[in-house]
Amino acid sequence: MIAAGSTIAVVLAIVVLVPLAPGWEAVQRSFFNGEVFAATFPGLLNAFMLDVAIFLWCAPAIALLGLLIALCRDVRSPALFPLRMFGALYTDIFRGLPVILVIYLVGFGVPGLGLPRPWNSPYIWGSLALILVYAAYVAEVIRSGIDSIHQSQRSAAASLGLSEGDTMRFVVLPQAVRNVAPANMNLFIALQKDVALLSFIGPVEIFRQAGVYKSLMANFTPYVGAALIFLAITIPATRYADYLLHKQRRRQR
Amino acid sequence: MRLLATTGAVLCMTATGALADAHGQCAADKTLEDGVLTIATGNPAFYPWVLNDAPESGQGFEAAVAYAIAAEMGFEADAVTWVRTSFDEAIQPGPKNFDFNMQQYSITPEREQMVDFSLPYYTSAMAVLTTEAVVEAGAEPTLDSLRGLLWGADANTTAVPMLTEIVGPERNPMLYGDNVDVTAAMQAGQIDAALFDLPTALYLSAVVVEGGTILGQFPPDRSENPDQFGLLMEEGNPLRDCVNAAITTLTESGRLAEIEAEWLQGATGVPVIQ
């Protein structure tokens with residue numbers, strides 16, 4: 001009851017006070033223009049399909065590469081030490097670089113080597129840049145999941161006669177991946193937003209389309225439209241991640 | 001006789017003085033800072049509009065036009081200061097940090113609902129920038145041939161709707177944040193051709209793009225809405241009438257055409273697209 005009351009008070013204050021600001025009318029015309037919104041929203045929705053498509057083909061590749069890198073970092077045989085080093089170097093480099101920089105360098109740089117069409121497409125190299133960066137984050141998350149499985153489980157598996165590979169596959173990974181599912185979910189929500197960065201190297205996805213409308217109409221409303229479309233996807237996804245986390249905590253108790 | 005000449009000279013001087021006064025009065029109390037005209041340009045400002053990214057030198061077409069307009073309005077060259085803004089800063093609501101903004105803004109009715117434009121100071125042809133390799137592969141200055149190319153453009157320009165309206169490419173064009181990215185994509189072979197205003201296209205083909213060439217142009221009189229550049233001002237800026245008066249004087253006296261001939265290469269020799 002008190003919570004509802006204070007919420008209503010805060011909302012009322014915002015709704016009443018903000019329009020009293022002297023610049024409100026100008027801001028409203030430039031950011032919340034109904035006419036511009038109606039004219040541009042269908043085009044934005046259409047452009048968003050490209051974001052979804054890029055996300056859909058990047059996500060599985062990221063999961064796979066992230067898992068491989070995580071496994072690289074966990075190899076224990078001395079002969080395979082170079083793999084371990086590669087894993088560490090990889091995560092250090094790609095977690096340390098801004099996504100947009102990798103997209104620029106890979107998206108313009110690699111095709112500049114003289115690849116023929118269609119192999120120089122910005123879709124291919126831009127997606128690869130996203131995959132490289134996000135795989136580094138996913139790898140770290142999975143590695144922390146692997147580390148969270150107690151050494152005694154590996155010993156138990158070994159005493160049952162399981163090989164090291166089988167131990168990883170049937171004992172460690174299933175628990176590890178489940179433990180870090182909420183953290184990975186958060187990464188994929190971030191990925192959904194970062195897909196928009198591909199627009200810098202050419203593809204006309206929602207962010208770029210909004211920019212075109214903004215430029216043609218000298219009005220920022222299309223950005224607000226794009227923001228709403230993003231929220232429509234990311235809020236439910238975030239809630240779902242929270243739910244997973246909650247469920248996991250209950251299970252562990 | 002001598003008396004007559006002196007009287008004439010005095011009269012003449014008084015008249016000029018009055019004229020200058022009239023202009024000065026027009027702009028009085030209407031600028032951001034009294035007695036100073038603040039002009040905005042891009043960051044960086046591109047050739048051939050501004051040379052060496054130094055508008056203070058008055059070199060380059062837009063820099064020269066800016067000082068000519070300032071002089072018409074009664075501002076000495078040292079009473080002009082320059083600031084830099086992006087496109088988004090120029091259109092954001094709220095007070096501006098410039099009296100007018102000059103960076104090849106095309107005048108469109110949609111933009112005019114949000115900001116004010118002066119009378120046009122330049123009407124641009126649109127030109128097709130491409131590379132020798134694409135021409136060798138068979139690209140021709142005909143609409144049929146152009147439709148089959150993979151197009152690029154600067155997303156912040158009116159080249160985007162023109163591309164759709166005039167050329168109507170078969171595949172969706174790629175759009176970029178600025179000239180530099182468009183030429184990078186062209187160099188990487190990701191696009192065949194890009195649409196720019198003619199002076200920019202001439203510069204990019206000659207200096208920036210390796211093996212760059214101009215395939216052809218759409219002269220301004222060919223399109224229904226020719227690309228006209230105007231000075232951008234905050235909506236309702238009272239200075240607009242003074243600026244417009246200055247531009248009208250410069251246009252009628254032929255001074256604007258002189259500046260254009262001095263700084264912008266002629267379009268002759270660039271084939272017209274059929």
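Colleague: What radius of gyration does chain A have, and what would a compact globule of 253 residues have?

Modeller: This is a predicted model. The C-alpha atoms of chain A fill a box of roughly 75 × 65 × 25 Å along the principal axes. A compact globule of 253 residues would have a radius of gyration near 18 Å, but chain A has 23 Å.

Colleague: How many helices and how many strands does chain A have?

Modeller: Read along the sequence, the pattern of chain A is α-α-α-α-α-α-α-α-α-α-α. The count for chain A is 11 helices and zero strands.

Colleague: What share of the residues of chain A count as buried?

Modeller: Start with the contacts in chain A at a separation of 6 or more. Residues 24 or more positions apart account for 75% of them. As for burial, a residue needs 20 or more other C-beta atoms within 10 Å of its own. Of the 253 residues of chain A, the share that count as buried is 32%.

Colleague: At what angle do α4(A) and α6(A) pack, and which word describes it?

Modeller: Two packed helices are described by the angle between their axes and the distance between the axes. Helix α4 (residues 81-96) and helix α6 (residues 122-147) of chain A have their axes 8 Å apart, at an angle of about 120 degrees. Angles of 65 to 115 degrees would count as roughly perpendicular, and over 145 as roughly antiparallel. α4(A) and α6(A) are therefore oblique to each other.

Colleague: Which residues of α6(A) meet α4(A), and what is the hand of the crossing?

Modeller: From α4(A) come A:Y90, A:T91, A:F94 and A:R95. They meet A:L132, A:V133, A:A136, A:Y137, A:A139 and A:E140 in α6(A). By class, this contact has seven nonpolar, one polar and two charged residues. α4(A) passes α6(A) in a crossing that is left-handed.

Colleague: Where in chain A is A:A218, and is A:A218 buried or exposed?

Modeller: Most residues other than glycine have a negative phi. A:A218 has a positive phi, near 50 degrees, and is not glycine. The residue is in the loop between α10 (206-217) and α11 (221-252) of chain A. With 23 other C-beta atoms within 10 Å, A:A218 is buried.

Colleague: Which element gives the largest share of the side of chain A that touches chain B?

Modeller: 23 residues of chain A are in contact with 25 residues of chain B. On the chain A side, the elements that give two or more residues are α2 (24-31) and α10 of chain A. By class, that side has 12 nonpolar, nine polar and two charged residues. The largest share, six residues, comes from α10(A).

Colleague: Now chain B. Which residue does a cis peptide bond join to B:P48?

Modeller: Most peptide bonds are trans. The bond from B:N43 to B:P44 is cis, with omega near 0 degrees. B:P44 is in the loop between β1 (37-41) and α2 (61-72) of chain B, and B:P48 is found in the loop between β1 and α2 of chain B. With omega about -5 degrees, the cis bond to B:P48 comes from B:Y47.

Colleague: What is the phi of B:D53?

Modeller: B:D53 is found in the loop between β1 and α2 of chain B. The residue is partly exposed, with 15 other C-beta atoms within 10 Å. Phi of B:D53 is positive in a residue other than glycine, near 55 degrees.

Colleague: How many residues of helix α9 of chain B are buried?

Modeller: The buried residues are B:L198, B:P199, B:T200, B:A201, B:L202, B:Y203, B:L204 and B:S205. They pack against β5 (122-124), β6 (126-131), α8 (179-187), β9 (193-197) and β10 (212-218) of chain B. Helix α9 (residues 198-208) is mostly covered, and of its 11 residues the number buried is eight.

Colleague: How far apart are the C-alpha atoms of B:L195 and B:P95?

Modeller: B:L195 is found in strand β9 of chain B. B:L195 is buried, with 26 other C-beta atoms within 10 Å. Leaving aside neighbours within four places in sequence, its contacts are B:M126, B:V128, B:A153, B:A159, B:M162 and B:L163. B:P95 is 100 residues apart from B:L195 along the chain, and their C-alpha atoms are separated by 33 Å.

Notes
Residues are numbered from 1 along each chain as its sequence is written. Chains are lettered from A and ligands numbered from 1 in the order in which they are written. This is a predicted model: local features need pLDDT of at least 70, side-chain atom pairs count only at pLDDT 80 or more; totals for chains, interfaces and linings use all residues. A residue is buried if 20 or more other C-beta atoms lie within 10 Å of its own, exposed if 12 or fewer, and partly exposed in between; C-beta atoms are placed from the backbone. Helices (H or I, at least four residues) and strands (E, at least two) are DSSP runs, numbered from the N terminus. Two residues are in contact if their C-beta atoms, placed from the backbone, lie within 7 Å. Axes are lines fitted to C-alpha atoms, for helices over the stretch in contact, and angles run from 0 to 180 degrees between N-to-C directions. Angles under 35 degrees count as roughly parallel, over 145 as roughly antiparallel, 65 to 115 as roughly perpendicular and the rest as oblique. A crossing is left-handed if the near helix is turned anticlockwise from the far one by less than a right angle, and right-handed if clockwise. Ala, Val, Leu, Ile, Met, Phe, Trp, Tyr, Cys and Pro count as nonpolar, Asp, Glu, Lys and Arg as charged, and the others, Gly among them, as polar. The radius of gyration is taken over C-alpha atoms; the globule rule is 2.2 Å times the number of residues to the power 0.38.
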